[in-house]
Amino acid sequence: MGPMAITRDFTLDAKYRREEGLIFLSGIQALVRLPLDQHRADRRRGLNTATLISGYRGSPLGGFDLTLERNSDLLREHHVVFISGLNEDLGATAIYGSQLANLFPRPKYDGVLGVWYGKGPGVDRTGDIFKHANYAGVARYGGVLALGGDDPLSKSSTIPSHSEVAFYDALFPVLFPGNTQEILDLGRLGFELSRYTGLWVGFKIVTNVADEVGTAEVAPDRVVIADPGFEYDGRPWQQRQNPLLMPPWGLDTEREIQYGRLEAAKAFARVNRLNRIALDPPNAWLGIAAPGKTYYDLREALRELGLDDAALRHHGIRLLQIGMLFPMEPTIVREFARGLEELLVVEEKRAFCELFIRDILYNEAERPRVLGKSDLDGRPLVPADAELDADRIAQIVATRLERRIPHEAITARVALLQALRERPAPLTLARQPYFCSGCPHNRSTVLPEGSIASAGIGCHGRWGSPTWAGKVCSGSGWRPSPRPRTSSRTSATAPFSTRARSRSARRSPPARTSPTRSSTTRRWR
């Protein structure tokens with residue numbers, strides 16, 4: 001693969017247009033390129049497809065909509081339509097409508113792909129339409145990726161998030177790319193997984209992956225899809241759409257999801273190696289499994305401990321890279337666990353992959369000890385809070401290695417990390433809070449004497465309603481108290497301000513800001 005050469009005809013959109021070679025792009029830019037790559041792949045197969053993207057902005061996907069809007073000509077060339085949703089629910093409903101376009105007479109395209117996007121709280125609030133749309137299924141040449149932006153350190157969110165649990169509750173297969181290369185590769189596989197199973201597919205994007213900038217290899221034949229050959233009720237599997245979401249059809253669909261679509265997802269993951277054993281020494285005693293970005297943090301941690309691939313093989317340490325968190329494919333887990341004494345699952349937040357791995361191995365006659373959030377004595381091991389980084393993972397892994405591997409690099413690195421953690425870090429610089437020049441909140445936070453104010457999500461405050469849409473409503477709970485004479489609420493986005501709404505209406509036509517199923521399906525007919 002050659003580098004992205006700088007020539008006289010070079011353009012900044014080479015990151016999107018170049019079809020073979022090495023490109024340089026960010027995680028957000030990789031998400032913009034993803035539907036273009038899928039369209040190119042469909043075109044090579046003789047399919048005329050389009051894509052609808054809709055959702056609601058929010059970090060770490062805050063720049064996704066802006067990047068789409070800046071590349072409108074490029075999107076138009078590949079039949080990609082972007083509609084910024086009024087909220088996450090309506091964006092998801094629009095994507096649901098795109099999957100129904102093929103059911104109308106004389107459809108314009110062979111299929112319409114859907115991309116929904118939203119940050120962690122948006123994933124939570126969209127659960128109802130997620131479940132209904134997932135039951136209804138996707139078009140044969142459609143398919144849906146739901147991008148869930150997770151902020152594990154709560155850098156720009158009210159609370160930390162990890163969306164795989166909500167996706168699991170909606171019965172979405174969940175993919176977790178660990179870098180820009182995997183956004184492109186797993187994203188392509190995600191679209192094909194959705195088409196094959198008939199399910200929406202959750203696509204977990206964490207802050208560090210969305211914000212990272214790096215190189216990725218692209219080629220028409222880089223992602224080759226293998227047919228799983230799955231059978232359901234004694235017949236070759238063929239996913240079916242069923243938008244009749246009421247009894248008795250809904251009960252039939254429930255059975256098909258549990259025993260057909262999710263089992264088809266496992267079969268797809270097995271033959272297309274969504275989860276893979278990355279390092280497999282024959283005499284392994286310890287296995288370490290990690291998903292998405294955490295896997296690359298694990299590899300960095302092992303290098304910090306002086307353990308490259310040769311050392312890992314020598315010391316009998318096996319590694320499992322998990323790309324599909326749910327449903328967990330059992331064959332690779334049993335193969336990975338064979339002959340191990342211990343199996344350590346390293347993942348952020350609450351136990352997720354760990355639970356599925358333990359469940360798969362529970363009835364095995366010979367199985368390793370499965371560790372994760374707790375060690376063998378029930379003490380905390382892998383933290384369930386904040387974000388895991390290479391230094392923290394190195395300390396965790398060292399506790400399992402030091403008992404069997406006499407390695408000076410391990411002991412020295414752990415001692416250094418512990419010393420750094422215990423070193424006091426006094427504040428040497430005081431920074432006073434202030435408003436940016438021209439910020440309207442400079443005046444909106446000046447209150448009449450005796451008044452009480454609260455704030456919504458924004459640069460000026462964090463105290464207030466725990467939900468974006470509930471900023472105004474929380475006051476109804478404390479307003480009956482006789483003590484506050486006046487209440488005022490400010491918001492960086494002023495979502496319910498008449499003035500703000502009128503400005504928004506002048507900037508954008510209603511059809512763009514408030515998509516509906518009927519308007520969406522008409523676009524594809």
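## Report on a predicted single-chain model

Arg106 is exposed, with a relative accessible area of 74% (exposed means over 50% relative accessible area, buried under 20%, and partly exposed in between, with a 1.4 Å probe and protein chains only). Arg106 is found in the loop between helix H5 (88-98) and strand E4 (111-119). Helices (H or I, at least four residues) and strands (E, at least two) are DSSP runs, numbered from the N terminus. Phi of Arg106 is near 50 degrees, a positive value in a residue other than glycine.

The structure is a predicted model, in which local features need pLDDT of at least 70 and side-chain atom pairs count only at pLDDT 80 or more, while totals for chains, interfaces and linings use all residues. Residues are numbered from 1 along each chain as its sequence is written, and side-chain values use heavy atoms, with hydrogens and water left out.

### Chain and confidence

The chain has 22 helices and 18 strands. Of its 525 residues, 52% count as buried. The accessible surface of the chain is about 25,500 Å², and carbon and sulfur atoms hold 52% of that surface (Shrake-Rupley method with a 1.4 Å probe; for residues, only the protein chains shown count as cover). Among contacts (heavy atoms within 4.5 Å) in the chain with a separation of 6 or more, 78% are between residues 24 or more positions apart.

The mean pLDDT of the chain is 86, and 82% of the residues reach 70 or more; pLDDT is the predictor's confidence in each residue, from 0 to 100. Over residues 486-522 the pLDDT is below 50, and this stretch has 70 contacts in the model beyond near neighbours in sequence.

### The five-stranded sheet

An open sheet of 5 strands is ordered E11-E13-E12-E15-E16, with mixed pairing (two strands pair if DSSP finds at least two bridges between them). Strand E11 (275-279) and strand E16 (369-371) stand at the edges with a single partner strand each, so one side of each has no neighbour in the sheet. On average, neighbouring strands of this sheet are turned by 20 degrees against each other, direction ignored.

Strands E12 (residues 286-291) and E13 (residues 317-322) run parallel and are joined by 6 bridges. Within this pair, Ala290 stands opposite Gln321 in E13. Helix H14 (residues 330-337) packs on the sheet and touches E11, E12, E13 and strand E15 (342-345); the direction of H14 makes about 165 degrees with that of E13. Helix H12 (residues 292-304) lies across E11, E12 and E13 and runs at about 135 degrees to E12. For these angles, axes are lines fitted to C-alpha atoms, for helices over the stretch in contact, and values run from 0 to 180 degrees between N-to-C directions.

### Nonpolar cores

A nonpolar core is a set of buried Ala, Val, Leu, Ile, Met, Phe, Trp, Tyr and Cys residues joined through side-chain atoms within 4.5 Å. The largest one has 100 residues, of which Phe64, Phe130 and Trp200 touch the most other members. Apart from it lies another core, of 32 residues, among them Trp285, Leu302, Val397 and Ile405.

Not counting residues up to four places away in sequence, Phe130 touches Ala92, Trp116, Val123, Ala146, Phe167, Ala170, Phe172 and Trp200. Ala170 lies in the loop between helix H8 (164-169) and strand E6 (174-175) and is buried, at 5% relative accessibility.

Leu325 is placed in strand E14 (residues 324-326) and is buried, with a relative accessible area of 1%. Leaving aside neighbours within four places in sequence, Leu325 is in contact with Glu164, Val174, Phe176, Pro291, Phe352, Cys353 and Phe356.

The table gives two pairs by sequence and by space.

| Pair | Separation in sequence | C-alpha to C-alpha distance |
|---|---|---|
| Ala170 and Thr126 | 44 residues | 9.9 Å |
| Leu325 and Tyr168 | 157 residues | 9.2 Å |

### Backbone features

A cis peptide bond joins Ser59 and Pro60, with omega about 10 degrees. Pro60 is in the loop between strand E2 (49-55) and helix H3 (64-70). A cis peptide bond also joins Pro247 and Pro248, with omega about 0 degrees; Pro248 lies in the loop between strand E10 (235-236) and helix H11 (249-271).

Ala386 has a phi near 60 degrees, a positive value in a residue other than glycine. Ala386 is in the loop between E16 and helix H16 (390-401) and counts as partly exposed, at 33% relative accessibility.
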